[in-house]
Amino acid sequence: MALAIGLVSQLLFSSRIVLQWIQSERAKRVLVPTLFWQISLVSSFLMIVYGILRHDPVILGAQLISYAIYIRNLQLLGEWRKLSPWFRAAAYAFPVAMLGGFVAGNRHFSLRAMLGTEIPGGLLLLGAVGQAIFLLRFVYQWIYSERKGESSLPLSFWVISLVGSLLILTYALLRHDAVLIIGNVFGTVVYARNIVLLRRQLRDLLAPLPVPGSPGEGQ
C-alpha cells in the first residue's frame, strides 16, 4: 500500500515537472503554471501519507513544510480562493487528521514506531541534510516571491533543487527506496535543464542593445 501511494505521488510530481518543462521549452524561458502548484499540493499530501506509512521522519518533515508552501504559492497567485471551499477545507483538515491518527497510533503506523526507527544515524543525517537543502529552495522561493508580491522561481531555486535532489537520490539509493529514486532521477535532469534555460534567458536580457548606425544594424 505504501509503495503504491508513493509511486502515485511521484507520478504526479513528475507530471508537474513535465508540464513546467514543456511550457518552458516552448517559451524558451522558465515558466511556472498554476497547475504546477495544484499538482504539487496533491502530491505532497500523498507523500505525507507515504512518509507516515514508511515511518520515515525525513520524508514526513520535509513534506509537511512543502505542503504549507504550496498553499502559500497558490494564495500569492490569487488561485487559492478560486478553488472549491470543500477542497480548501479538505486541504487543511486531511493532513491534521492523518497526523492525529499517527500520534494516536495503530497497527499500521505510529509515532512511537517512527521514533524507534532503525535507519542508521549517518544515513538519516544524509537524508535530513538533503531534504533540508531541498526545502530551502522553497523557503528561499517563498521569501523571494513575498518580496516581489508574486509567485516566482529564480535561478537560485533551480540550483538549490539540483543539489538537494542529488543528495536525496544518494539517500534513496542507500535506503533502497524506489519511490524516491524514481522521483529524483527524473528531477535532476529537469532542474539541470531549467538552469540552462534561465542562464540563457538572463544572458539575453543582459546583452547590450545594438547601437543605431553600428555595423550590423539593419543588415
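## Helices α3 and α4

Helix α3 (residues 57-76) and helix α4 (residues 85-104) have axes that come within 12 Å and cross at roughly 170°. That angle makes α3 roughly antiparallel to α4. Angles over 145 degrees count as roughly antiparallel, under 35 as roughly parallel, 65 to 115 as roughly perpendicular, and the rest as oblique. Axes are lines fitted to C-alpha atoms, for helices over the stretch in contact, and angles run from 0 to 180 degrees between N-to-C directions.

The crossing of α3 past α4 is left-handed. In a left-handed crossing the near helix is turned anticlockwise from the far one by less than a right angle; clockwise gives right-handed. On the α3 side, the contact uses Leu 60, Leu 64, Tyr 67, Ile 71 and Gln 75. On the α4 side, Ala 91, Tyr 92, Pro 95, Leu 99 and Phe 102 take part. Contact means heavy atoms within 4.5 Å. By class, this contact of α3 with α4 has nine nonpolar residues, one polar and no charged. Nonpolar covers Ala, Val, Leu, Ile, Met, Phe, Trp, Tyr, Cys and Pro; charged covers Asp, Glu, Lys and Arg; the others, Gly among them, are polar.

## The model

This is a predicted model: local features need pLDDT of at least 70, side-chain atom pairs count only at pLDDT 80 or more, and totals for chains, interfaces and linings use all residues. Residues are numbered from 1 along each chain as its sequence is written, and side-chain values use heavy atoms, leaving out hydrogens and water.

The protein has eight helices and zero strands. Helices (H or I, at least four residues) and strands (E, at least two) are DSSP runs, numbered from the N terminus. The C-alpha trace spans about 80 × 40 × 30 Å along its principal axes. Of the 219 residues, 42% count as buried. Buried means under 20% relative accessible area, exposed over 50%, and partly exposed in between (1.4 Å probe, protein chains only). Take the contacts between residues at least 6 apart in sequence: 72% join residues at least 24 apart.

## Helices α2 and α3

Helix α3 also packs with helix α2 (residues 34-54). Their axes come within 9 Å and cross at roughly 155°. α2 and α3 are therefore roughly antiparallel to each other. Their crossing is left-handed.

Residues of α2 in this contact include Trp 37, Leu 41, Phe 45 and Ile 48. Among those they meet in α3 are Leu 60, Leu 64, Tyr 67 and Ile 71. By class, the contact of α2 with α3 has 14 nonpolar, eight polar and no charged residues.

## Met 98

Met 98 is found in helix α4. Met 98 is partly exposed, with a relative accessible area of 21%. Leaving aside residues up to four places away in sequence, Met 98 touches Phe 45, Val 49, Ile 52 and Phe 109. The C-alpha atoms of Met 98 and Ala 172 are separated by 24 Å, and the two residues are 74 apart along the chain.

## Two histidines in loops

Most residues other than glycine have a negative phi. His 55 has a positive phi, near 55°. His 55 is found in the loop between α2 and α3. With 18% relative accessibility, His 55 counts as buried.

His 176 also has a positive phi, about 55°, although it is not a glycine. His 176 lies in the loop between α7 (155-175) and α8 (178-206). His 176 is exposed, with a relative accessible area of 70%.
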